[in-house]
Structure formats: C-alpha cells, structure tokens
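Take a walk through this protein model. Start with the whole chain, then move to single residues and the pairs they form.

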Amino acid sequence: RPYLFSNTLAPSVAGASLKVFELLEQSDEMRARLVANTQQFRRAVTAHGFNVPVGDHPIVPIMLGDAALASRMASELLDEGVYVIGFSYPVVPKGKARIRVQLSAAHEPSHIDAAAEATWMELERPYLKLQRFSVASIQVQKRWHVREPLQD
C-alpha cells in the first residue's frame, strides 16, 4: 500500500534505482551510448529541418506548434512503430505543441536511423504541408501546418 495517501516510492522503484546506480558505478558504457544515441537522433531530425531545442537531453522535443498536428503525427508514428507522445495545451503553453521522443541506451544505431526516417517521412503525408520561408539571415526554416481537418 505504498501509494495510498502517500507520495513515497514503491519498494520496486527504490530497488531498481539502487541497481541502476550499481550498474553505473561499474561501467560508463551505457551512459556513453545514451549520449551517442541522443546526438545521432538530434542531428538527424535537425538536418531534416525539424525545430528541436538546443540541448543534449535524451528526451527530445520536436516543436510543431499545432496541437492537432502533434496529436496526429504522434498517432501516425506509433502506427509506424515509433513510440512518441504528443503534447499540447494545457501541458505546454498554447502554440508550443510538440511530439516528444525519448532515446535509450538500448537503442541500436539502426533504430535511431529508422525513427528519424519515419519522423521525416511524416512530412510526406497528405495531411501535412511544408512551407519554407527566408529569414533576414538568409536561413531557411520550415514550419508545418495541417492541410486538412482531422478525421476520426
């Protein structure tokens, strides 16, 4: 009954956490692999023009702006075998909708490539329209908008 009227950790969570610390003390391999996987994914989706905030955290937000788009894209990616979560208001501020990808040391480089490719291929879906526009610095940015209403 550790969850009843309490915010304490369940014994299994505490035990798993202790085991993680033990594994991390034995080797740096898993942490290094997580860093490499995160860098690989961030580079890949950024290269395809997705708006990814600068950082090195393995939870990678891909900023889309539109709540319906984030929800639809998360659903489509799940159908492709890529587990992402869509977030929109009230979880994040209005206009800051995103999908969130969480990398792991268990992923192989081929998994990272496949996830990045599936994410990029979503731009080819008929419900998306890619618009490019120049900025004062001659940098080209991309924005995604829903082309047609969502249908259940």
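Contacts come first. Among contacts in the protein chain with a separation of 6 or more, 52% are between residues 24 or more positions apart. Keep in mind that this is a predicted model.

Now take the chain as a whole. It has four helices and five strands. Read along the sequence, their pattern is α-α-β-α-β-β-α-β-β. The protein chain has 152 residues, and 28% of them count as buried. Its accessible surface comes to about 10,200 Å². Carbon and sulfur atoms hold 56% of that surface.

Is Phe21 buried or exposed? Its relative accessibility is 54%, so Phe21 counts as exposed; the cut-off for exposed is over 50%. Together with Leu18, Val20 and Leu24, Phe21 forms a nonpolar patch. The four residues share about 410 Å² of accessible area.

Next come the charged pairs. How many salt bridges are there? The count comes to four. One of them joins the side chains of Asp28 and Arg31, at 2.8 Å from N to O. Asp28 has 42% relative accessibility, so Asp28 counts as partly exposed. Arg31 is also partly exposed, because its relative accessible area is 43%.

Another salt bridge brings together the side chains of Arg33 and Glu108, with 2.8 Å from N to O. This pair links distant parts of the chain, 75 residues apart. Arg33 belongs to helix H2, residues 29-47. Glu108 lies in the loop between S3 and helix H4, which covers 109-121. With a relative accessible area of 28%, Arg33 is partly exposed. Glu108 is partly exposed as well, at 36%.

A further salt bridge is formed by the side chains of Arg72 and Glu76, at 3.4 Å from N to O. Why are these two residues separated by about one helical turn? Because Arg72 and Glu76 are four residues apart in helix H3. Glu76 has a relative accessibility of 15%, so Glu76 counts as buried.

Val82 counts as buried, because its relative accessibility is 11%; the limit for buried is under 20%. What does Val82 touch, leaving aside its neighbours within four places in sequence? Its contacts are Leu77, Ala115 and Ala118. Look also at His111, 29 residues from Val82 along the chain. The C-alpha atoms of Val82 and His111 are separated by 9.3 Å.

The next stop is a peptide bond. Most peptide bonds are trans. Tyr89 and Pro90, however, are joined by a cis peptide bond, with omega at about 10°. Where does Pro90 lie? Pro90 is in the loop between strand S2 (85-87) and strand S3 (97-102).

Stay with Tyr89 for a moment. The charged end of Lys94 sits over the ring of Tyr89. From the charged end to the centre of that ring is 4.8 Å. Pairs between aromatic rings are another matter: their count comes to zero.

Terms used
Residues numbered from 1 in each chain as written. Predicted model: local features only at pLDDT ≥ 70, side-chain atom pairs only at ≥ 80, totals over all residues. Heavy atoms only, no water. Patch = residues over 30% accessible without salt bridge, like charges linked within 9 Å, V, L, I, M, F, W, Y side chains within 5 Å. Areas by Shrake-Rupley, 256 points an atom, 1.4 Å probe, with all protein chains shown as cover. Buried < 20%, exposed > 50% of the residue type's maximum accessible area, 1.4 Å probe, protein only. Phe/Tyr/Trp six-rings, centres within 6.5 Å; stacked < 30°, edge-to-face > 60°. Lys NZ or Arg CZ within 6 Å of the ring centre and 35° of its normal. Contact = heavy atoms within 4.5 Å.
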